Structure formats: C-alpha cells, structure tokens
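Thanks for coming, everyone. Let's walk through one structure together, piece by piece. Here it is on the screen.

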Amino acid sequence: MNRKITKLLALILTLSLVACLFAGCSKKSAAEEIKIGVLVADVSGEEALAFRSYYENYIAKNYSNVTFVYTEQLTDAAAEKSAIEKFAAQGCQAVISFSSSDRAIQLDTCIKNKLYYAVGSGMLDDAQFETYKTSEYFVGQIGPSMDTEYEAGYAMGKYFADKGVKSVAIYGAFIPNPMHVYRAAGVLAGLGMTYGGASEKDAIVGQIFGDQGIDTSKVGTSGVQLTGYFQGFGDTTFDELFGILGQNPEAFLSVGMATTFFTDALNGANIEFSDIDSFTSANGKAMSEGKLVYLAGKYSSSIGPIFAAIMNAVNGHPVRDAEGNALSISQNYLVATDADSFAKYSTADQGDTPIFNKELLDTVIGDSISYDSFVSLVTADRS
Amino acid sequence: MAQTKLTKKNRLRELLVTLLPIAALLILFGVLCMVVSSRGYRLDMYLRIIFNEGVVLAVVATGAIFIYSLGSFDISLGASTLFSATIGVLVYNSTQSLPLMILTIFGVAVGCSLLSSVLASVFHIPVFVTTVAMMSVLSAVAAQIITTKGGALGGIGIPAAVVEPLDNLPFKLAVLAVFAVLCVFVFNFTKIGRRLKFLGSNPVCAKLSGIKVNVYAIIAFVMAGLGVGLGAFLTLVYTPSVTPTTAGSIGMNILVAIVFGGMPISGGSRSRIYAAIVGGFSYILLNNILKIVIDSGAGYGISQIVSAVFFLAVVYVTSMNYRTKLLPR
C-alpha cells in the first residue's frame with residue numbers, strides 16, 4: 001500500500017515538474033510587438049506548410065516586430081471561435097484566417113474582441129461580405145473568389161477539350177466543399193458538358209450542391225465522354241480509381257488533392273492528369289517526371305498582400321475602397337502546363353526570394369496607400 | 001486486529017482514489033493559472049474560454065454516465081448532438097420560434113438515443129454496434145441537410161441575436177448545475193440509479209433479481225438523450241451555426257472525460273455523476289495547458305500524445321483500487 005502511494009506521489013510530482021518546466025520556458029512579449037493570430041484548418045498539407053513557412057521564415061524575419069501565432073487544426077466553428085478568443089487573451093491585434101467552418105462567426109468574434117480580421121485564402125460569400133464590408137475590424141479578403149474557382153475549373157476542362165481529348169474521368173475531391181463544387185462545375189462547362197440539362201454556372205453549381213456530387217446520369221456530353229467520376233477519400237477510394245482507370249480515359253481531371261493521393265497510380269497507368277493545387281515540390285516532380293500535364297496552383301507568397309493589408313490596419317491606416325468598404329480582390333491561380341513553366345513559378349517563389357517579397361510588399365504598407373495600388377499589386381501578371 | 005488494519009487501508013485507498021480526480025482538477029487549474037499568468041495572457045478571458053469549451057462536454061458526458069454505468073458505450077453522442085442541432089436550426093428557420101427549436105432539439109436528441117437502445121433491445125444487438133451504426137447514419141443525414149441547405153456557405157445557422165443573450169457564464173452555469181442536480185438525484189437517490197449500477201456491476205445477478213434490463217437501458221438512454229439535447233442547445237448558443245464537423249470530437253472526448261473523472265469504463269457501482277464534470281473540465285484544462293506550453297511549431301499532435309500519456313496514467317491510478325480485489329464486479 002505504502003509503495004503504491006509513494007508511486008502515486010512520485011507520478012504527481014513528476015507531472016507537476018514537467019508542467020512547471022514547460023511554464024518556465026515562456027517568452028516575454030515585447031510591448032511594441034505586432035502579434036497576428038493565424039487560424040488554420042489544414043496543418044499538414046504541403047500548401048499549408050508552404051504558407052506557414054512564408055509567414056514564419058520570410059515575413060517574420062523581414063518584419064522583425066511581427067510574430068505569428070498559429071492554431072492547431074481547427075475542425076469546427078466552435079473551435080474557430082474559441083481560437084480567436086484565445087488570440088485576444090494572448091494579446092494579438094489581428095487574425096488571418098485559413099479556416100472556413102463559419103467565417104461569419106469568426107468575424108463576429110473578432111469584432112467583439114476588437115481584433116482586425118482578414119481572410120487569408122478564399123473569400124466570403126457575397127451576402128456575408130455585404131454584411132461585414134463596412135466593419136472597421138474587417139480588413140478584407142484576397143484570394144480566389146468562387147467565380148475564380150469556377151474559371152479555374154473551366155480553363156482546365158477547356159484545356160483538355162481543346163487538346164482533342166475524347167474521354168475523361170473526373171475526381172470531385174471533397175464535394176460538397178463549395179470550392180470544389182465551383183471547380184467541378186467549371187470543369188464540366190469547360191469540357192462542353194451540361195449537367196441536368198444546364199450549362200450555366202449557377203444552375204450547375206446548384207445541382208451539384210443538391211446532388212452532393214456529380215451524378216453521371218445527369219451529365220450531357222457533346223464531344224468529350226465522361227467515363228467515370230468519384231469523390232472523397234476512404235478505404236475504397238483506390239478501388240474506385242482503378243475501376244475508372246480500367247475504362248481507359250484519355251485524361252484524368254481533378255478539382256483538388258489528386259496530386260496528393262493518386263500521382264503514383266496515375267503515372268503507373270500512363271494517363272495524363274491535371275489538378276488545382278499548389279506549386280509544391282511533389283507536383284513539380286509529377287510534372288517533370290510523371291503524367292501531370294496541367295496544374296492551376298497557388299504559390300506560397302500569394303498570402304503576402306493580405307499580410308500587408310493587416311499591417312496597415314494595425315498601424316492605423318486601413319485600406320478601404322471609395323465607399324469605405326473592406327478590401328475584396330480576387331487573386332488568380334498561376335497555370336503550368338509543362339516542367340519549364342512549373343519551374344518558372346516555383347523557383348521564383350522560394351525561400352528568401354518569394355514573388356511577394358519585402359520590397360514589393362513595402363510598396364503597399366504605409367499611411368497613404370490607396371485601394372487601387374492594392375488591386376494593382378494583386379492582379380498584376382506574375383507569370 | 002489485522003482485519004481492521006486492512007479495512008482501514010482499503011478505506012484510505014478508496015478515499016485517495018475518489019479524491020484524486022478532484023485533486024487533479026485543482027492541480028490542473030493551478031497550473032493553468034500559473035502558465036497563463038507567466039506568459040502575460042489574460043487569465044479572466046482564458047477561464048471563460050475554458051468554461052465555454054468544457055460545458056458542452058460536461059453536460060453531454062453527465063447524461064452519458066447513465067449509459068456508461070451499465071458498462072455500455074455510446075459512440076454516437078457527438079453525431080446525435082450534431083443531428084439535433086441541425087434539426088433545431090431547420091425548425092427555427094421555419095418557425096422563428098426559439099421555444100419550438102429547443103423542444104425539437106430535445107425531442108430529436110431523446111428520439112435518437114431511444115432508437116439506439118430500442119434497436120439494441122429488440123434485435124439483441126450489442127449497444128456499441130447500434131451506436132456505431134447510428135453515428136454513421138446521423139452524421140451522413142446531418143451532413144446532407146447542412147450542405148444542401150447551406151450551399152456555398154458550407155453550414156446553416158440561426159441569427160446570432162436569437163441566442164446571444166444566453167451566451168453568458170451565469171446561464172450556462174445554471175444549465176450545467178440544474179442538469180447535474182437532476183442527474184445526481186436520479187442516479188443516487190432513486191431506484192433507477194441503484195439498479196443501473198447493479199446492472200453494470202453484475203448483469204446476471206441483476207436479471208435474476210427481477211430487474212428488467214431493457215427498461216433500465218431505455219431509461220439510461222433517455223437521460224443521455226437529455227444531455228445530448230442540452231449539449232446541442234449550448235453548442236448553438238456558443239456558435240449559432242452548424243457545419244458537418246460540429247461536435248465531431250464529443251463522442252471520444254466523453255470517454256476520456258469519464259476516465260479522467262475517475263469512473264471505470266466498465267461502469268457498475270463505482271459510477272459517479274461528478275466524474276463527467278470533473279473529468280470534462282480536467283481534460284479541457286489539460287489540453288489548454290499543453291497548447292500554451294507546447295509551441296505549435298514544435299510539431300502538430302504533440303499535445304495529443306502527451307494527453308494520451310496522461311490518459312494512461314489516470315487509468316492506471318484509478319484502477320489501483322479495484323485491480324487487487326477478488327471480485328472486481
């Protein structure tokens with residue numbers, strides 16, 4: 001008995017010591033420090049890691065008074081709200097969000113806690129933007145809008161249609177994720193297909209949301225045949241993939257994540273494929289050595305301009321449009337169709353030489369920056 | 001003489017194991033205060049955040065104690081919470097009536113719980129299996145509703161102003177207290193609680209004593225359903241919207257909370273209502289301490305690994321008392 005109590009006390013003391021050790025490792029924050037909280041839903045993807053590396057290893061190094069505080073993986077709206085409240089408790093002045101469970105609640109929480117808020121990647125729904133665009137704490141949004149997602153899908157579909165491909169398989173990634181729904185709708189339209197008899201964006205998008213995926217029986221084709229469709233990722237995904245590849249489509253079009261999941265299988269099957277993803281090293285290898293022939297991608301420093309917008313807001317010089325609304329600028333993807341164009345974009349955006357470097361960002365950080373200068377910076381051709 | 005000494009030792013050991021979860025909660029609370037203060041963070045805000053994070057888990061876990069006391073295991077509670085909240089949102093958006101929304105949430109939650117128990121009773125399927133099936137079905141249906149109705153937003157919700165007046169500490173504390181008192185009363189002062197513990201301790205003996213297993217299983221699931229309903233309502237009070245991932249982690253967190261609270265997973269006579277509340281808040285405190293002290297850049301998942309080590313340590317300590325007995329059940 002005594003031995004057990006001794007063991008127990010030893011355990012408690014050890015745990016307490018460990019806790020105190022961790023507590024003692026704390027850093028004191030400088031008074032003039034700008035602390036920016038970053039909400040993230042994806043913590044391990046190559047794109048997410050590249051974004052983080054850009055902020056922590058380039059921006060924080062070049063703007064020495066800036067510190068980024070990252071969340072762990074956020075899975076729902078309650079976790080997002082709680083994370084923002086913790087940012088406020090930790091003395092952050094602003095929040096950049098890469099998590100989208102409920103952006104309205106994120107904004108409400110930021111407003112309540114007097115934190116500046118910006119959408120790091122992607123955009124608010126139109127109605128949401130209307131609601132919050134005049135809030136002094138809403139800095140803005142720079143990223144692919146849903147229209148841009150549709151256009152990216154459309155361009156990808158059209159690329160293969162123009163190439164004369166006669167049969168394709170489509171991977172819908174994580175539909176009903178809105179971003180993937182819009183891309184998939186664009187792919188169908190770009191391939192010259194109809195969905196449920198519709199060929200207009202909104203009608204196709206609405207039906208895909210309703211069907212929670214692409215119902216192949218509703219796809220109307222003119223030139224290009226759809227030999228197979230699947231979505232999601234689980235125990236049977238590769239069975240579905242190999243079943244579809246067995247029908248010998250000429251191309252495999254993905255609206256996201258295919259390069260993460262299926263590169264080896266598609267290279268092995270010798271089928272050309274495409275994806276909307278990022279300029280990562282894995283994708284570079286797939287394009288130079290494999291069968292990846294089309295990639296619409298984000299690059300790590302594409303999140304630079306929104307950081308600049310946050311800096312202006314925190315420094316008391318928020319950038320607003322002529323009506324006093326928050327920034328809202330759609331940012332296009334870069335498209336690579338061969339190893340050379342891929343190398344051009346990826347090597348131009350690495351380490352200490354990102355596309356949005358300090359020199360470029362400094363042109364829009366200041367006390368008299370206009371909305372138009374931001375638009376020019378973001379929409380300039382970076383290819 | 002030797003017998004008396006042994007009894008004293010056993011009592012001391014039992015007392016120690018009973019008090020240990022509460023002591024752990026207090027230690028964790030102290031460590032959190034120390035860690036937050038040493039970093040210069042606002043303690044008042046942190047305490048409010050932790051209460052908000054813990055209250056839903058504590059409420060749902062308190063109801064779940066009734067199921068766990070039977071030695072059963074319900075993994076569908078998170079999905080039930082999501083489904084109840086989803087239907088509640090739909091009802092509010094159709095009727096603009098908060099009372100009707102609340103009634104619906106409770107009705108759906110209790111209904112889902114009953115369905116699990118009735119399926120298990122009627123078809124003689126292990127409860128665990130029916131709850132796994134329920135989890136899949138409820139999650140899928142809720143996701144279908146949310147994504148269909150939510151469209152590009154990816155979620156559905158009610159206007160924040162409807163529940164904003166309730167999003168405060170006194171209201172949530174009152175809800176937790178009232179539900180805990182109700183559960184303590186039913187569990188400790190009625191024959192329902194005694195028989196549930198008896199069934200959990202020794203189902204064969206309980207059946208031979210004339211206790212109807214199915215009836216008490218249904219009562220246990222109804223109480224768990226009430227907890228789920230309250231949890232779903234409090235979830236909406238905190239974030240008045242639901243997405244397919246809402247309450248996704250509650251199912252497993254309940255298990256961890258109950259173990260942290262010092263209750264054996266096998267249920268039986270050592271089941272305690274307070275285990276859910278003590279364990280729920282201990283778990284949330286531990287998570288927050290780890291998130292503060294472990295730099296997120298050090299590697300994702302480290303805090304989960306440390307939590308798992310704590311979990312194993314707690315299971316070891318709480319099992320000290322009954323591992324050595326001849327007839328543990």
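Start with one pair of residues. A:Ile96 stands opposite A:Ala118 in strand β4 of chain A. Keep in mind that this is a predicted model.

A quick reminder about sheets. Strands of a sheet pair through backbone hydrogen bonds, either parallel or antiparallel.

Step across to the next strand. β4(A), residues 116-119, pairs with β5(A) in the parallel sense, over 3 bridges. How does the chain get from β4(A) to β5(A)? It crosses through helix α5 of chain A, residues 126-132. This β-α-β crossover is right-handed.

Stay with β5(A). Is this strand enclosed or open? Strand β5, residues 138-143 of chain A, has 6 of its 6 residues buried, so it is largely enclosed by the rest of the structure.

On we go to β13 of chain A, residues 327-330. It pairs with β5(A) in the parallel sense, over 4 bridges. A:Gly140 turns up again, this time opposite A:Leu327 in β13(A).

Now the whole sheet. How many strands form it? There are 6, in an open sheet with the order β2-β1-β3-β4-β5-β13 of chain A. The pairing is parallel. Which strands stand at the edges? They are β2 (66-70) and β13 of chain A. Each has a single partner strand, so one side of each is left without a neighbour in the sheet. On average, neighbouring strands here are turned by 15° against each other, direction ignored.

Chain A has another sheet to show you. Its order is β9-β6-β10-β11-β12-β14, again an open sheet of 6 strands. Is the pairing parallel or mixed? In this sheet it is mixed. The edge strands are β9 (225-230) and β14 (334-336) of chain A, and each pairs on one side only. Neighbouring strands are turned by 20° against each other on average, direction ignored.

Let's look inside this sheet. β6 (residues 167-171) and β10 (residues 251-254) of chain A pair in the parallel sense, over 4 bridges. One residue pair to find on screen: A:Tyr171 has A:Ser254 in β10(A) as its bridge partner.

Take α9 of chain A, residues 237-245: it lies across β6 and β9 of chain A, running at about 170° to β9(A). Then take α12 of chain A, residues 281-289. It lies across β11 (272-278), β12 (292-298) and β14 of chain A. Its angle to β12(A) is about 155°.

Next, helix α13 of chain A, residues 304-314. It is mostly covered, with 10 of its 11 residues buried. Among the buried ones are A:Pro305, A:Phe307 and A:Met311. Just after this helix, A:Gly316 takes a positive phi of about 90°.

Contrast that with A:Lys112, found in helix α4 of chain A, residues 103-112. Why does A:Lys112 count as partly exposed? Because it has 14 C-beta neighbours inside 10 Å. The cut-offs are 20 or more for buried and 12 or fewer for exposed, with partly exposed in between. A:Lys112 and A:Glu85 are 27 residues apart in sequence, and 9.4 Å apart in space, C-alpha to C-alpha.

Last stop, chain B. Follow helix α11 of chain B, residues 250-260. It packs with α12 of chain B, residues 274-293, at an angle of about 110°, and the axes are 7 Å apart. That makes α11(B) roughly perpendicular to α12(B). By class, this contact has 8 nonpolar, 4 polar and no charged residues.

α11(B) also packs with α3 of chain B, residues 77-95. Here the angle is about 130° and the axes are 6 Å apart. The two helices are therefore oblique to each other. B:Leu77, B:Gly78 and B:Thr81 in α3(B) meet B:Ile250, B:Gly251 and B:Ile254 in α11(B). Those residues divide into 3 nonpolar, 3 polar and no charged.

That's the tour. Over to you for questions.

Key:
Residues numbered from 1 in each chain as written. Chains lettered and ligands numbered in written order. Predicted model: local features only at pLDDT ≥ 70, side-chain atom pairs only at ≥ 80, totals over all residues. Axes fitted to C-alpha atoms, helices over the stretch in contact; angles between N-to-C directions. Parallel < 35°, antiparallel > 145°, perpendicular 65-115°, else oblique. Nonpolar A, V, L, I, M, F, W, Y, C, P; charged D, E, K, R; others polar. Pairing = 2+ DSSP bridges. Right-handed = clockwise from strand over helix to strand, strands pointing away. Contact = placed C-beta atoms within 7 Å.
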